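Look at the model first, then read on. We will walk through a strand, its sheet and a pair of helices.

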There are 2 protein chains.
Amino acid sequence: MEETQGRTEISELGEFGLIKYLTKNFELQNVTSKVGVGDDAAVLELSGKQTVVTTDLLMEGIHFDLTYVPLRHLGYKAIVVNLSDVYAMNAEPQQVTVSIGISNRFSLEALHELYEGIHHACEHYKVDLVGGDTSSSISGLVISITAIGLVDENKITLRSTAKEHDLICVSGDLGGAYLGLQILEREKRLFLEDPNIQPNLEDQQYIIGRQLKPEARNDVIELLEKLDVLPTSMIDISDGLSSDLLHICTQSNVGCAVYEEKIPISEEAYQQAIKFNLDPVTSALNGGEDYELLFTIKQSDFDKIKDHPDFSVIGHITDASLGTKLITKENNIHDLTAQGWNAFKKNQ
Amino acid sequence: MEETQGRTEISELGEFGLIKYLTKNFELQNVTSKVGVGDDAAVLELSGKQTVVTTDLLMEGIHFDLTYVPLRHLGYKAIVVNLSDVYAMNAEPQQVTVSIGISNRFSLEALHELYEGIHHACEHYKVDLVGGDTSSSISGLVISITAIGLVDENKITLRSTAKEHDLICVSGDLGGAYLGLQILEREKRLFLEDPNIQPNLEDQQYIIGRQLKPEARNDVIELLEKLDVLPTSMIDISDGLSSDLLHICTQSNVGCAVYEEKIPISEEAYQQAIKFNLDPVTSALNGGEDYELLFTIKQSDFDKIKDHPDFSVIGHITDASLGTKLITKENNIHDLTAQGWNAFKKNQ
């Protein structure tokens, strides 16, 4: 029943192409809908402040592996990844709804653990759980979260408003979450080969924590406010620096020049990449799931942030005709390409 | 990993018990959160009007069977069931977000059909699709929808505000969607036995339509406004009249008396129940998925609605001590019990 004439594989479009394809006929009808599909969150002018709404669907076997992800951490992370989108709009999260689909493989105690993590995140980020749905699932665990936030109209940071000469900045460091995942996957393989083996994760606590219990950068939002810096565009890094910067460039109709040597990588992530025979910079560019904030600022704001250890200025925005470029340490120029994690290539 | 000490089966609690259990520690933290979990939708005071938010998770094999549900209808219905919750708050839907999880069994053309249905519903009900997420699924199709609506603060109709002596009203007729489903299930069985058989559904177009392409009763909301009737409580009938009326009674801390002979049943549904050796009234009480509105009004409003063909007054609200009762045609009194469709008993 799901086939008509012809057949186009979804993997041919990729996630963003698919969203674009599926939503291209939807025109906004209400004056309350200011920004629809295509940014980190939708903007609704409900009156006074602007309301932002964002949603994520997390599927077992695609987004998480319960072999090594404790349910408490999963619940926490599920909230965090949504709030990260709210912060990327420069908004303050207010409410979340949480829906879960569960098979009879899960006991009440298991769900309790999941909701402990959700509760913990709600407390930490001061958001209210205000709704949701629960359902059976014939196979794995499904988590669907919607988050709502508020922001002053003149402070919204879209993806589409970066301008030529703006500086490209990123918070924290990158690649850690991806390398943490590689360790967990390796330990899983070892465990499957020999269930008596004990995982030794002590040397990689930071990057494993980046994978299992990421935080959304509300502190960065507060800091930017304190420094009186309003980003000209912003996005959170969920798919990887390359992929997410390309979103800004495409939607702002600009190019970019990113300097490899400026990309922030933690010592632990760097060492772990070397151990895995991976390029640390590639891990930082394409790893994803770091939930740092990637934003552009006016050059005139440079002095306000340049000395802050939490920010790295990694390049600048160029005219669209110059393309999206990565300048290596050896001064070679490469095209920046999105090799981010693609939900439609995995497990298919 | 999902087991700790002991194990409580989720089916022991049922859906509502589970929601209550999981959310009991979540206290509202923001002044913008007026009503959280527990009604048809959450109420957020974002300023001026109140915003309502509701969400539903639809899982293949649990909520729908693609053997006989065309994807276009599924998309339409997925929106409708959410909007029905918004109308049940007496609110006007504004936006929806739609997330889907899909296996590689689905082609782009199939998803196009699904989104055609979604689009059609958005146009018909004048709501904007403003966000969503798409993901792979290792098994069936998953659809998660969040709907947002607006309502004047003094017009919100909660489940918790019915008062003794109020009249219990229902729009349209009941049981049709359930009986339509029984026909579709029968035809599926016949088809599986003999794939050459042609289904003959022509005599049951109305009730099959009630199952496959339900509408949300925005016309009822408009009509009540025109008649100057503000319900004292309201809920949409998704689980069945019994189950949903019990929600009103429990949350309003009242009892009820419902008269069997007053329950509206279409001629087609009635005849089909007889053919299936089912009690038409039981089908109407427990069938669910009719998406009619169940509401209570002050006795003083009775004259305003009594002659309207779209409304049936089926009973009245009593003191809690009198319990929740069904009075049969033979004047016997039975306890009204929730035998509505339970997502956690199905397929487990």
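**A strand on the inside**

Five of the five residues of β7(B) are buried, so this strand is largely enclosed by the rest of the structure. Buried means that 20 or more other C-beta atoms, placed from the backbone, lie within 10 Å of the residue's own; 12 or fewer makes a residue exposed, and anything in between is partly exposed. The model is a predicted one: local features need pLDDT of at least 70 and side-chain atom pairs count only at pLDDT 80 or more, while totals for chains, interfaces and linings use all residues. Residues are numbered from 1 along each chain as its sequence is written, and chains are lettered from A and ligands numbered from 1 in the order in which they are written.

In a regular strand the side chains alternate between the two faces of the sheet. Both faces of β7(B) are covered. Leu167(B), Cys169(B) and Ser171(B) are buried on one side, Ile168(B) and Val170(B) on the other.

Now look at the partners of β7(B). Two strands pair if DSSP finds at least two bridges between them. β7(B) pairs with β10(B) over four bridges, in the antiparallel sense. There, Leu167(B) stands opposite Ile297(B). Five bridges join β7(B) to β11(B), residues 311–318, and these strands also run antiparallel. Cys169(B) faces Val313(B) across that pair.

Step back to the sheet. Seven strands of chain B form an open sheet with mixed pairing, in the order β8-β10-β7-β11-β9-β12-β13. Its edge strands are β8 (233–236) and β13 (333–335), each pairing on one side only. β8(B) pairs with β10(B) in the antiparallel sense over four bridges. In this pair, Ile235(B) stands opposite Leu294(B).

Next, turn to chain A. Which angle do α4(A) and α5(A) make where they pack? Helix α4 (residues 176–193) and helix α5 (residues 205–212) of chain A pack at about 95°, with their axes 7 Å apart. Axes are lines fitted to C-alpha atoms, for helices over the stretch in contact, and angles run from 0 to 180 degrees between N-to-C directions. α4(A) and α5(A) are therefore roughly perpendicular to each other; that term covers 65 to 115 degrees, with under 35 roughly parallel, over 145 roughly antiparallel and the rest oblique.

Definitions and conventions. Helix = DSSP H or I, 4+ residues; strand = E, 2+ residues; numbered from the N terminus.
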